[in-house]
Amino acid sequence: MHSTFTHAIRVLGFGGPEVLQWEAVELPGPAPGEVTIRQTAVGLNFIDTYHRSGLYPLALPAGIGTEAAGVVEVLGAGVGGIAVGDRVAYAGLPPGAYAERRNWPAERLVTLPDTISDEVAASAMLKGLTAWYLLRRSYRVQPGDTLLLHAAAGGTGTLLSQWAAALGATVIGVVGSPAKADLARAQGCAETVLADDPDFVRKVRDLSGGGVAVVYDSVGRDTFFKSLDCLRKHGTMVSFGNASGPVEPFSPMELAKRGSLHLTRPSLFDFIATRADLEAGTGELFSLIARGAVRIAIGQRYPLRDVARAHQDLEGRRTTGATVLTP
Ligand SMILES: NC(=O)c1ccc[n+]([C@@H]2O[C@H](COP(=O)([O-])OP(=O)(O)OC[C@H]3O[C@@H](n4cnc5c(N)ncnc54)[C@H](OP(=O)(O)O)[C@@H]3O)[C@@H](O)[C@H]2O)c1
């Protein structure tokens, strides 16, 4: 198969948004089992900032980006069940989704039903499958549970809050500003608390009648112990991100003295490693979206080549909902 050229964002050295470079790169024909996708919408995710900064190190120079949707353009040898022209989407590693065209294993793609637009898929694959495993696998949310959700007005947060509410849970959302509180309430949160509220723990404990069943904490270093303090006895702490930096090492006694707590530090890619899990997660996600139980809140769009600006806004807490990058 012939090589062609495409444009992609490359990381040549770890650092701030300025290291993201728009370049012409060679794209080989798809390897056996792969397809070439012409990408129409790319998702922006906080993990992309960890790849860019080196918090999650990549072998450089590297591509970046973990979620996209598009149209199949070329089939590699041995690919079945998928045709040129099919609309598809994916979430996964290795990074490289910030590109006009890309090769990707057919086995790791999902084909999109008419009810899911390309932009919705590019916003919902990584964030929605994260919501799925957090609510269904890391801790199985029950009707009547009260849960605490950090970054409730964000891309993952707005999906999680709606899905949790659809499962019959009461969601207390943590937000950085009053404007974000209004958005979070419109996206399924019954209550909101400001992240910098000096009375944070007491308010959450009061709102939840003595402590929440589970905390979904993606902020990390700044919020970890406050989150533990909000849990009821035997509650579950799901620490799933590092927006403020990674959590420092600590003694397991901290879990004992707050009431025999459970702690998990999950990663999406372990929950969609098999085809069966990928299909189970996307099946639930797409059906919730199709029946309107979860609406994807796209807060902003940027041309893909301006993704440095999108990273600045994401890290500066200036985005809401999901962000779509247009190749
Ligand atoms: N482990 C996994 O499997 C997995 C999968 C997907 C996402 N994640 C994690 O989930 C989190 C959300 O990802 P996302 O892509 O949907 O981003 P996002 O929530 O749209 O954006 C991050 C939000 O975090 C809040 N935040 C609090 N402290 C912050 C700080 N010091 N710096 C920057 N933001 C801060 C901000 O909301 P406020 O201004 O309202 O506080 C900000 O808008 C990230 O931590 C990501 O790593 C983990």
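Predicted model: local features only at pLDDT ≥ 70, side-chain atom pairs only at ≥ 80, totals over all residues.
An oxygen atom of the ligand lies 2.8 Å from an N or O atom in the side chain of Tyr50.

| Residue | Part of the residue | Ligand atom | Distance |
|---|---|---|---|
| Tyr50 | side-chain N or O atom | oxygen | 2.8 Å |
| Thr156 | side-chain N or O atom | oxygen | 2.7 Å |
| Pro266 | backbone N or O atom | nitrogen | 3.1 Å |

The ligand on its own exposes 910 Å², and 91% of that area is buried by the protein. Its site is the largest pocket. Helix H1 (46–53), helix H2 (118–138), helix H3 (155–166) and helix H10 (307–315) are the elements that each contribute two or more residues to the shell around the ligand. Of the elements, H2 gives the most, with 3 residues.

In total, 27 residues surround the ligand, and the closest are Tyr133, Thr156, Lys180, Phe240 and Leu268. Sorted by class, the shell comprises 12 nonpolar, 11 polar and 4 charged residues.

Turning to the fold as a whole, the protein contains 10 helices and 16 strands. Along the principal axes, its C-alpha atoms fill a box of roughly 65 × 40 × 35 Å. The radius of gyration is 20 Å, which agrees with a compact globule, because a chain of 327 residues in that form would have a value near 20 Å.

Methods. Residues numbered from 1 in each chain as written. Heavy atoms only, no water. Near = heavy atom within 4 Å. Polar contact = N/O pair within 3.5 Å; in protein donor to acceptor, adjacent residues only side chain to side chain. Areas by Shrake-Rupley, 256 points an atom, 1.4 Å probe, with all protein chains shown as cover. 1 Å grid on protein atoms, 1.4 Å probe; cavity = no way out; pocket = protein on both sides within 12 Å on 5 of 7 lines; lining within 4 Å. Sits in = over half its atoms within 2 Å of the grid points. Helix = DSSP H or I, 4+ residues; strand = E, 2+ residues; numbered from the N terminus. Nonpolar A, V, L, I, M, F, W, Y, C, P; charged D, E, K, R; others polar. Rg over C-alpha atoms; globule rule 2.2 N^0.38 Å.
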